[in-house]
Amino acid sequence: GRSARRAEAAYEAVWQANVVHRWNRAARWQETHKSTEEFAAMQAEMEGRVAAAESAMEGIAEELRTTELALLKCHEEYVQAQQETAALRDRVLAGEKEAEALREQLRAQEREAAAARYEGK
């Protein structure tokens, strides 16, 4: 009687302890698994942010290269325009010298004509 009940009570106690132990282990596993999942989700989010930042940086770098090329082209056009301006200035100066020489030639001819008229009188 009593020993059987005690044995049964002991068995019951062991069984309950076992169940509680298993339940605790399952709860711990679930908690660990959950925190692992949360960590994985956090890590995935961070990796996503890093990828987005890197992508943005690549976009900015590409924009910078495009801008630098445009700037270089503008500079080349500016230098070319300066050279063309200098060439035009040289042509203007040459034209002015030629015009002055022609005016001088005209004055000489006018003096000759005046002298010839004077001598003709």
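Guide: Accessible areas here come from the Shrake-Rupley method with a 1.4 Å probe. On that basis the protein chain exposes about 11300 Å². Carbon and sulfur atoms supply 60% of that area. Keep in mind that this is a predicted model.

The protein chain holds one helix and zero strands. Helix 1 covers residues 2-120. The C-alpha trace spans about 175 × 10 × 5 Å along its principal axes. The radius of gyration is 51 Å, whereas a compact globule of 121 residues would have one near 14 Å. Of the 121 residues, 0% count as buried.

Now the charges. The protein chain carries 18 positive and 23 negative side chains. The centres of the two sets lie 10 Å apart. Side chains of opposite charge can pair when their charged atoms come close. A search of the whole structure finds seven salt bridges.

Take Arg65 and Glu62. Their side chains meet in a salt bridge, with 2.7 Å from N to O. Both residues lie in helix 1, three residues apart, about one turn of the helix. Arg65 has a relative accessible area of 44%, so Arg65 is partly exposed. Glu62 is at 41%, so Glu62 counts as partly exposed too.

Next, Glu77 and Lys73. They form a salt bridge whose closest N and O atoms are 3.7 Å apart. These two are separated by about one helical turn because they sit four residues apart in helix 1. Glu77 has 43% relative accessibility and therefore counts as partly exposed. Lys73 reaches 51%, so Lys73 is exposed. The cut-off matters here: exposed means over 50% relative accessible area.

Further along come linked pairs. Glu100, Arg103, Glu104, Arg107 and Arg111 are joined in a network of salt bridges. One of its contacts runs between Glu104 and Arg111, with the closest N and O atoms 3.7 Å apart. Glu104 has a relative accessible area of 37%, so Glu104 is partly exposed.

For contrast, turn to a nonpolar spot. Tyr11, Trp15 and Val19 make a nonpolar surface patch of about 350 Å². Val19 lies in helix 1. At 34% relative accessibility, Val19 counts as partly exposed. Residues in such patches need over 30% relative accessible area, so Val19 passes that cut-off.

Conventions. Residues numbered from 1 in each chain as written. Predicted model: local features only at pLDDT ≥ 70, side-chain atom pairs only at ≥ 80, totals over all residues. Heavy atoms only, no water. Patch = residues over 30% accessible without salt bridge, like charges linked within 9 Å, V, L, I, M, F, W, Y side chains within 5 Å. Salt bridge = Lys/Arg side-chain N within 4 Å of Asp/Glu carboxyl O. Buried < 20%, exposed > 50% of the residue type's maximum accessible area, 1.4 Å probe, protein only. Rg over C-alpha atoms; globule rule 2.2 N^0.38 Å. Lys, Arg positive; Asp, Glu negative; His and termini not counted. Charge placed at Lys NZ, Arg CZ, Asp CG, Glu CD.
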